[in-house]
Amino acid sequence: MTDLATIILLLGSYDRETKSTLNKIREEIAKLSVHYDETIFTLLLENVEIYETDTDWICIEKFGEKKTIILFKRESIEVKDVIEFDAKEDDIEILKRLGYKSFIRIPILEKLRVLATISSLVFVIRHKELTRGGEYIELAFLLSRGLDPRIVYMLVKSDVKISAMLKELIDLTEINFRVYENDEELLDEIRRILYYKVIKRSKRF
C-alpha cells in the first residue's frame, strides 16, 4: 500500500453501548491522524460498501454528512485516490462521475475479505457479553482466508467472559489479545498500538 492512506478495520457488535465505544475509537484515531499528520481511515463494516471493477476496488464509506471514496488498484492493493462527496449523493452516480462504466457491489463476506486485505490493522472489540458475537464469526472467517494474525488485536472488556473455543483460537492463531477495564483504558491501548505499529514506522523516529 502507498503512503497515501492507512486503513484500520474496526469489528464489533452494533448494540448501542458497543457502537458508542466504536465511535469513540474512531474519533480518537482521527485525532491521532491530525496530530501526527497521517492519513488514517477507520472503517466500520456496516458503514462501508465496496464495488469491484476490472482494475480497481472502490471503497465507499458513509459517515455523518460525507461519503469518503477510496480507490484501490486490485493487483497491487495500492491507494490510487481519496475523494469526498456529500453523503446524500447516490453511490452509482458517484461512480459514473468518476468515469467507471462497469462495476458490481460485492457481497458481505467478500467485502469483509477485501477490507482485511487493504487494512494495516484490524481491531476486534468485545465490549458487552450479551450480544450476538458477530465479530467472532467475522474474525474466524478472515483468519480462515489467510488474514495475517500479527495485524489483529482482540480487545475484550474485563467483565466479558470468553469461551474455551475462542481462547483456543487465540492460542492457535497467535493474534494479539488485550483486556481493558473501561473506555479510557481501551483508548490508551488503541493509541499505543497505533503509535508503534503505524506512526512510529511512518515517521521513522
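A residue is called buried under 20% relative accessible area, exposed over 50% and partly exposed in between, with a 1.4 Å probe and protein chains only. The model is predicted, so local features need pLDDT of at least 70, side-chain atom pairs count only at pLDDT 80 or more, and totals for chains, interfaces and linings use all residues. Residues are numbered from 1 along each chain as its sequence is written, and side-chain values use heavy atoms, with hydrogens and water left out.

A pair of aromatic rings is described by the distance of the centres and the angle of the planes. Rings of Phe, Tyr and Trp (its six-membered ring) pair if their centres lie within 6.5 Å; planes under 30 degrees apart are stacked, over 60 edge-to-face and the rest tilted. The whole structure holds four aromatic pairs. One of them is tilted: Tyr36 and Tyr195 sit 6.1 Å apart, centre to centre, with 55° between the planes. This pair links distant parts of the chain, 159 residues apart. Tyr36 is in the loop between α1 (16-35) and β2 (40-44), whereas Tyr195 is in helix α6 (residues 183-203). Helices (H or I, at least four residues) and strands (E, at least two) are DSSP runs, numbered from the N terminus. Tyr36 counts as partly exposed because its relative accessibility is 23%. Tyr195 is also partly exposed, at 24%. Ring pairs join Tyr36, Tyr195 and Tyr196 into a cluster.

Arg26 lies over Phe63, at 3.6 Å from the ring centre. The criterion is NZ of Lys or CZ of Arg within 6 Å of the ring centre and within 35 degrees of the ring normal.

Backbone angles come next. Most residues other than glycine have a negative phi. Asp37 is not a glycine, yet its phi is positive, about 55°. Asp37 is found in the loop between α1 and β2 and is exposed, at 64% relative accessibility. Glu174 also has a positive phi, near 65°. Glu174 lies in the loop between α5 (164-173) and β10 (176-180). Its relative accessible area is 62%, so Glu174 is exposed.

Two helices cross. The axes of α3 (residues 108-118) and α4 (residues 134-144) come within 10 Å and cross at roughly 65°. Therefore α3 is roughly perpendicular to α4; angles under 35 degrees count as roughly parallel, over 145 as roughly antiparallel, 65 to 115 as roughly perpendicular and the rest as oblique. Axes are lines fitted to C-alpha atoms, for helices over the stretch in contact, and angles run from 0 to 180 degrees between N-to-C directions. Leu109, Leu112, Arg113 and Ala116 in α3 are in contact (heavy atoms within 4.5 Å) with Glu138, Phe141 and Leu142 in α4.
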